[in-house]
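My notes follow in the order in which I looked.

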Amino acid sequence: MKHVTVVDHPLVQHKLTIMRNKDTSTGSFRRLLREISQLLAYEVTRDLTLTERLIETPNCEMNAPTLAGKKLALISILRAGNGLLDGILELIPSARVGFVGLYRDEETLKPVQYYYKVPEELEDRMVIVVDPMLATGNSSVAAIDLLKQSGARNLIFMCLLAAPEGVKRMEEAHPDVPIVTAAIDDHLNEHGYIVPGLGDAGDRMYGTK
């Protein structure tokens, strides 16, 4: 899985273990998801392009590094993607934000689109697509299909957990899109949930069923 980066930092793995625990409260789950999103974002943004600009410190002038190019775009796959989005925005508040609304048909496991609104000029931006779970991969593939149709070329997919089936589906559909995740779990069950996983991320984050 050359296109997948698993962030095995001890803090990421420790926080993920707490999130997996079925007794972890909604408030704690939401907070931990935000914290892990920031740790994952460091890996995702490792290769952002830098330029220099002249600034004046209290002691002298200097050419200091600064981000180059257009502001990057963060695309949340609704609704659970917002849990990752909020944390990244704390690190990169100037990022442009878009949303792809997809829900999974529980019988076919296929994604159904209900909302789509993204920033302009995606072709000139790094685009980070966020969704906590890469399970079947159908929703992720559908979202990236839409973003490529809107001009996006430099895409990265960031998730909390991935299943081998979802990773394979993404690799087949979009081999040019790297995946950054905290863990690749064992398999999907008959309902399309990641095992061992952590349940439904959206339900656990918002306290719904």
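I looked up Glu121 and found it in the loop between β6 (111-117) and β7 (126-130). Strands here are DSSP runs of E with at least two residues, helices are runs of H or I with at least four, and both are numbered from the N terminus. The phi of Glu121 is near 55°, a positive value in a residue other than glycine. Glu121 counts as partly exposed because its relative accessibility is 36%; buried is under 20% relative accessible area, exposed is over 50%, and partly exposed lies in between (1.4 Å probe, protein chains only).

I noted the basis of these values: the model is predicted, local features need pLDDT of at least 70, side-chain atom pairs count only at pLDDT 80 or more, and totals for chains, interfaces and linings use all residues. Residues are numbered from 1 along each chain as its sequence is written, and side-chain values use heavy atoms, with hydrogens and water left out.

Next I checked omega. Leu78 and Arg79 are joined by a cis peptide bond with omega about 0°; Arg79 lies in the loop between β4 (73-78) and α3 (81-91). Another cis peptide bond joins Val195 and Pro196, with omega about 5°. I place Pro196 in the loop between β14 (194-195) and α6 (201-206).

Then I traced the sheet. It is open, has 7 strands in the order β1-β11-β9-β7-β4-β5-β6, and its pairing is mixed; two strands pair if DSSP finds at least two bridges between them. β1 (4-6) and β6 stand at the edges with a single partner strand each, so one side of each has no neighbour in the sheet. Neighbouring strands are turned by 20° against each other on average, direction ignored. Axes are lines fitted to C-alpha atoms, for helices over the stretch in contact, and angles run from 0 to 180 degrees between N-to-C directions.

I recorded two helices on this sheet. α3 packs on it, touching β4, β5 (96-104), β7 and β9, and its direction makes about 155° with that of β4. Helix α4 (residues 138-149) also packs on the sheet, touching β4, β5, β6, β7 and β9, at about 40° to the direction of β6. Contact means heavy atoms within 4.5 Å.

Which residues does Asn154 touch? Not counting residues up to four places away in sequence, I found Arg125, Met126 and Val127. Asn154 is in strand β9 (residues 154-158), and its C-alpha is 5.1 Å from that of Met126, 28 residues apart along the chain. At 40% relative accessibility, Asn154 counts as partly exposed.

Last, I followed β9 to its parallel neighbour β11 (residues 179-181), to which 2 bridges join it. Met158 stands opposite Val180 in β11.
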